[in-house]
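User: I'm new to this one. Can you walk me through it?

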Amino acid sequence: DNNTIPIVADQSTWDVLTTPAYCWYNNDRNTYGEIYGALYNRYSTVTEKLCPVGWRVPNNADWTVLINYLGGLDLAGGKMKTTGLTHWLSPNTGATNESGFSAIPGGAREDGAFQWVGEHATFMSSENIPTWTGVFSVHYNQLRADYGAGDLTVGASVRCIKNE
């Protein structure tokens, strides 16, 4: 809707937010922004205003459809990760990117810290659950993908999908 989403660098401010916000990994746009993009909080993803017109943040059902299409949780991760070790730590288990999703490990902001760049690609769900945040992730050392719950302070990448 062309409203500005504020950037929030301070961790104590981030932890108590109840409004949309984003940040750069380690609050360092120059190093991480161009490669990995921004990390958004859950309030950004549930507004239905983050993606361009005609697009939206995927919900839990959308992630489930993708995972099932790619063979289930045990196989989906490898099919979604970029190959090689340019961004991923070794061994980047099972990475084929045969889906074309091209996940790269932008890490997350969680539990009071930035963590997992090079290790995990974590993506937000648009589910508006009062006590947790839906997240989907793939990992450098696993073929599988994971879907789970993050706390309300998590910051992660966002992939928009086209409305049907």
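User: What does the side chain of Ser126 reach?
Analyst: The side chain of Ser126 reaches the backbone oxygen of Val57, at 3.3 Å. That is a polar contact: a pair of N or O atoms within 3.5 Å, where within protein one must be able to donate a hydrogen and the other to accept it, and residues adjacent in sequence count only if both atoms are side-chain atoms. This is a predicted model, where local features need pLDDT of at least 70, side-chain atom pairs count only at pLDDT 80 or more, and totals for chains, interfaces and linings use all residues. Residues are numbered from 1 along each chain as its sequence is written, and side-chain values use heavy atoms, with hydrogens and water left out.

User: Where does Ser126 lie? And what does it touch?
Analyst: Ser126 lies in the loop between β6 and β7. Helices (H or I, at least four residues) and strands (E, at least two) are DSSP runs, numbered from the N terminus. Not counting residues up to four places away in sequence, Ser126 touches Thr45, Val46, Val57, Pro58 and Asn59. Contact means heavy atoms within 4.5 Å.

User: Asn59, then. What does its side-chain oxygen do at the start of α4?
Analyst: It reaches to within 3.0 Å of the backbone nitrogen of Ala61.

User: Which residues of α4 are buried?
Analyst: Helix α4 covers residues 60-69, and its buried residues are Asn60, Asp62, Trp63 and Ile67. Seen down the axis of α4, these fall within an arc of 160 degrees, so they line one face of the helix. The arc is that of the directions from the helix axis to the C-beta atoms. Buried means under 20% relative accessible area, exposed over 50%, and partly exposed in between (1.4 Å probe, protein chains only).

User: And what is on the other side of α4?
Analyst: Val65, Asn68 and Tyr69 are exposed there.

User: What covers the buried residues?
Analyst: The cover for α4 includes α5 (73-80) and the strands β3 (55-56), β6 (120-124), β7 (133-139), β8 (145-150) and β10 (161-162). From the α5 side, the buried residues pack against α4, β7 and β8. Those buried residues of α5 are Ala76, Gly77, Gly78, Lys79 and Met80.

User: What comes just after α4?
Analyst: Gly71, which takes a positive phi of about 105 degrees.

User: Which residue other than glycine has a positive phi?
Analyst: Asn97 is one of them, with phi near 50 degrees. Asn97 is in the loop between α5 and β4, and it is buried at a relative accessible area of 19%. Trp116 also has a positive phi, about 80 degrees. Trp116 sits in strand β5 (residues 113-117) and is partly exposed, at 27%. Most residues other than glycine have a negative phi, and most peptide bonds are trans.

User: Which residues does a cis peptide bond join?
Analyst: Ser90 and Pro91, with omega about 20 degrees. Pro91 is in the loop between α5 and β4.

User: Switching topic. How many disulfides?
Analyst: The count is 1 disulfide, taking a disulfide as a pair of cysteine sulfur atoms within 2.5 Å. Cys51 is joined to Cys160, S to S 2.1 Å. Cys51 lies in the loop between α3 (42-45) and β3, and Cys160 in the loop between β9 (155-156) and β10, so the pair ties together parts that are 109 residues apart in sequence. The torsion about the S-S bond of Cys51 and Cys160 is about -85 degrees, so the disulfide is left-handed.

User: Is Cys51 buried or exposed?
Analyst: Cys51 is buried, at a relative accessible area of 11%. Cys160 is partly exposed, at 28%.

User: Last, the whole chain. How many helices and strands?
Analyst: There are 5 helices and 10 strands. The radius of gyration of the chain is 15 Å, close to the 15 Å that the globule rule gives for 164 residues, so the chain is as compact as a globular protein of that length. That radius is taken over C-alpha atoms, and the globule rule is 2.2 Å times the number of residues to the power 0.38. Buried residues make up 45% of the 164 residues.
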